[in-house]
Amino acid sequence: MTWDPDRYEAWFDTPEGRYALDREVQLLQAMLAGWPRRKHKLLDIGCGTGLFLEPLYQMGLDVTGIDKSQEMILAARKRFGSRAELSVGNGEHTGYSDNEFDYALLWSVLEFTEDPEAMLAEAARVAEKGLLIGFLNKNSLYYCMNVRGTGSSLSKARWFTWCEMQDLIHETTDFRPTVARSALAGPMKTWKSTGISNQINARFLPPALGAFVAVRVDFVNMKPLTPLFAWKSEPEMG
């Protein structure tokens with residue numbers, strides 16, 4: 001699939017696109033909250049125009065982005081400047097060393113590659129501590145009402161169900177998801193920042209429900225960010 005940076009960014013300038021982007025960023029931040037970030041390196045595979053590099057950078061990560069499209073990388077460099085290392089690269093064969101990064105991000109990219117298994121395996125190879133995966137849910141109302149049968153580029157992508165993604169992760173990495181949530185439970189016409197629609201679409205839900213699903217996969221047992229003793233109640237005074 002050929003990507004046009006201007007067309008890609010234009011979608012996120014629509015009211016529905018801005019709302020969807022905000023929910024995806026919030027979901028990304030929620031998934032990242034369980035990981036140490038300062039002085040940790042993350043590789044964004046299929047970074048596109050760099051829309052999600054900004055929140056990653058603001059959360060304290062050292063970010064690197066690759067994309068197979070030179071046009072997308074040029075747009076990302078224009079947005080992000082020298083704050084990230086950005087290069088044209090193949091997500092199935094990145095050229096990085098084993099465990100070169102702490103984390104890898106695959107955000108709305110597995111649907112659009114010819115070999116999602118190879119891309120996921122490559123992400124697991126270069127990431128020492130874990131993966132973040134964002135994907136479009138084939139069982140969502142958005143797919144059924146706004147995508148299926150339309151003949152659009154989105155309808156030609158490989159959409160995953162939550163069950164399929166769990167199997168893909170386990171079979172490819174030998175790990176299972178640590179945590180997963182979704183957002184945007186309603187069809188696209190309900191993606192609004194006011195009223196009951198916002199209450200439905202903004203809420204983080206079980207992964208099978210929303211149009212967009214975020215999954216965190218931990219490769220190591222992270223130490224809790226809050227010491228265990230902080231959760232214990234004070235002893236009663238006799």
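Mentor: In this predicted model, 7 strands make up an open sheet of mixed pairing, and their order is β3-β2-β1-β4-β5-β7-β6. The edges are taken by β3 (85–88) and β6; each has a single partner strand, so one side of each is left without a neighbour in the sheet. From one strand to the next, the twist averages 15°. Strands β5 and β7 run antiparallel and are joined by 7 bridges. Within β7, V215 is the bridge partner of I133.

Helices pack on this sheet. Helix α2 touches β4, β5, β6 and β7, and its direction makes about 15° with that of β7. Helix α7 lies across β5, β6 and β7, and runs at about 155° to β5. Helix α5 (residues 116–126) has as its buried residues P116, M119, L120, E122, A123, A124 and V126. These buried residues pack against the strands β1 (41–45), β4 (101–107) and β5 (127–136), and also against α7 (162–173).

The nonpolar side chains come next. In soluble globular proteins, such side chains tend to be buried together. Here the largest nonpolar core holds 42 residues, of which L28, L32, L56 and L86 touch the most other members. Two or more residues each are given to this core by α2, α3 (53–58), α4 (70–80), β4, β5, α6 (141–147) and β7 (212–218). Helix α2 supplies the largest share of this core, 8 residues. As for L56, leaving aside its neighbours within four places in sequence, this residue is in contact with L28, L32, L42, L61, V63 and L105. Apart from that core lies another, of 28 residues, among them Y96, L106, M119 and A127.

Two loop residues complete the picture. Most residues other than glycine have a negative phi. K39, in the loop between α2 (15–32) and β1, has a positive phi of about 65° although it is not a glycine. L184 likewise is not a glycine and has a positive phi of about 65°; its place is in the loop between β6 (179–183) and α8 (195–201).

Methods: Residues are numbered from 1 along each chain as its sequence is written. This is a predicted model: local features need pLDDT of at least 70, side-chain atom pairs count only at pLDDT 80 or more; totals for chains, interfaces and linings use all residues. Side-chain values use heavy atoms; hydrogens and water are left out. Buried means under 20% relative accessible area, exposed over 50%, partly exposed in between (1.4 Å probe, protein chains only). Helices (H or I, at least four residues) and strands (E, at least two) are DSSP runs, numbered from the N terminus. Contact means heavy atoms within 4.5 Å. A nonpolar core is a set of buried Ala, Val, Leu, Ile, Met, Phe, Trp, Tyr and Cys residues joined through side-chain atoms within 4.5 Å. Two strands pair if DSSP finds at least two bridges between them. Axes are lines fitted to C-alpha atoms, for helices over the stretch in contact, and angles run from 0 to 180 degrees between N-to-C directions.
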